[in-house]
Amino acid sequence: MKYYIIAGEASGDLHGSNLMKAIYKEDAGADIRFWGGDLMQKAGGFLVSHYKERAFMGFFEVLKNLNKVLVFIEFCKKDIEKFQPDVIVFIDNSGFNLRIAKWAKKKGFLTNYYISPQVWASRATRVKSIKRDVDNMFVILPFEKDFYEKFDYEVIFVGHPLIDAIAGRKQVSESEFRKEHNLGDKPIIALLPGSRKQEITKKLNVMLSLVDDFKAYTFVIAGAPSQDFSFYKNIIGSREVRFIDNKTYDLLSVSYAALVASGTATLETALFKVPQVVCYKGGFISYQIAKRIITLKYISLVNLIMDREVVKELIQNDLTKSNLKKELTKVLDEQHREQMFLDYFDLEKKLGGKGASAKTAKLIVENIKAKS
């Protein structure tokens, strides 16, 4: 059968690749055409557009690039009509995907959504159009099912795909990893400043300001697959810090603590049982808009799932050197770390265990068969 999958950033590429592998197990002759990244390309199928081409972050940044976004949307519609898939699978990336879903539903395509748009965070009124345009929604956060039920929309909780991604990775030897990347013997503090240029620029400078205050530790930047080292080098300057490109999971597996950009990385860090401080700093206009429409108590997935503060969040003006130094000092304290470890174990239980990709692939194949 024919599958058209649309993912829009690094995390979508990761989950999309695991979903594709699971689809091939369910349907060995699957013909998959997709928008994604390097990981999805390795899984098979045909890459139409790389997410790097569409990496616009925040309301203002999207507005500045609106013409480019509209061109991508029109191209995507034409490509879908030419391919005539049995199903379109949307992965997160709501700004783009919900527009395609509206058009696709009218055209009679089967629409399945994996990893719900964060309508529970802002603009819940979008649920009305999601109910209209999405035939089947597969959610990965336990509270999302209850949220959608309030709107009389039945969705399926499949568990979180990060558990599969982490469990399925090849284990690394800490001694070999340290030797390979010249990390020495000091405990490692991982820096995960995000994947897009705008967010990296705003957060990494603050993170790096702590290097001289924690000389007993080695600071290591986790380079995003979407950015070249030359970009980071301009921010690093002469600071004593290491850089490791595109090996975030390996780095987390050997880290003692982490400073992490808000987003999926906070959950990844928690699943690796690494104590962390969450950092967020957006463009002024984008932040002012977000502040007015987002109704959540927290911004990190860890705190949202647990419905309480497990990890400290430093947001916008609170993300300063003095505040970050204070919070990093806390997560290096043994008593504080022990409590965070206990909370992390409770978090993992709530996420539903392994098998999200396999469950979702099976359901997608069943939906196609039910329609045909």
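Modeller: This is a predicted model, and in it helix α13 passes helix α17 in a left-handed crossing.

Biologist: Which residues make that contact?

Modeller: On the α13 side they are Leu267, Thr269, Ala270 and Leu271, and on the α17 side they are Tyr344, Leu347 and Glu348.

Biologist: At what angle do the axes of α13 and α17 cross?

Modeller: The axes of α13, which covers residues 264-271, and α17, which covers residues 334-350, cross at roughly 110° and come within 9 Å. Angles from 65 to 115 degrees count as roughly perpendicular, and α13 and α17 are therefore roughly perpendicular to each other.

Biologist: What about α10 and α11, at what angle do they pack?

Modeller: Helix α10 (residues 197-208) and helix α11 (residues 229-236) pack at about 35°, and their axes are 10 Å apart. The crossing of α10 past α11 is right-handed.

Biologist: And which residues meet there?

Modeller: From α10 there are Lys197, Ile200, Thr201, Leu204, Asn205 and Leu208, and they meet Phe231, Tyr232, Ile235 and Ile236 of α11. In the contact of α10 with α11, seven residues are nonpolar, two are polar and one is charged.

Biologist: Let's switch to sheets. In what order do the strands of the seven-stranded sheet come?

Modeller: The order is β3-β2-β1-β4-β5-β6-β7, in an open sheet with parallel pairing. The edge strands are β3 and β7, the latter at residues 156-157, and each of these two pairs on one side only.

Biologist: How many bridges join β1 and β2?

Modeller: Strand β1 (residues 2-6) and strand β2 (residues 31-36) are paired over five bridges, in the parallel sense, and Tyr4 stands opposite Arg33 in β2. On the way from strand to strand there is helix α1, residues 10-26, and together β1, α1 and β2 make a right-handed β-α-β unit.

Biologist: Which strands does α1 lie across?

Modeller: Helix α1 lies across β1, β2, β4 and β5, and it runs at about 175° to β2.

Biologist: Now the six-stranded sheet, what is its order?

Modeller: That open sheet has the order β10-β9-β8-β11-β12-β13, again with parallel pairing. Its edge strands, each pairing on one side only, are β10 (242-245) and β13 (312-315), and the twist averages 20° from one strand to the next.

Biologist: What is the bridge partner of Leu191 in β11?

Modeller: Leu191 has Leu259 as its bridge partner in β11. Strand β8 (residues 188-192) and strand β11 (residues 257-261) run parallel, and four bridges join them.

Biologist: Last one, which strands does α16 lie across?

Modeller: Helix α16, residues 321-331, lies across β8, β9, β11, β12 and β13, and it runs at about 155° to β12.

How values were computed. Residues are numbered from 1 along each chain as its sequence is written. This is a predicted model: local features need pLDDT of at least 70, side-chain atom pairs count only at pLDDT 80 or more; totals for chains, interfaces and linings use all residues. Side-chain values use heavy atoms; hydrogens and water are left out. Axes are lines fitted to C-alpha atoms, for helices over the stretch in contact, and angles run from 0 to 180 degrees between N-to-C directions. Angles under 35 degrees count as roughly parallel, over 145 as roughly antiparallel, 65 to 115 as roughly perpendicular and the rest as oblique. A crossing is left-handed if the near helix is turned anticlockwise from the far one by less than a right angle, and right-handed if clockwise. Contact means heavy atoms within 4.5 Å. Two strands pair if DSSP finds at least two bridges between them. A crossover is right-handed if, with the strands pointing away from the viewer, the path from the first strand over the helix to the second runs clockwise. Ala, Val, Leu, Ile, Met, Phe, Trp, Tyr, Cys and Pro count as nonpolar, Asp, Glu, Lys and Arg as charged, and the others, Gly among them, as polar.
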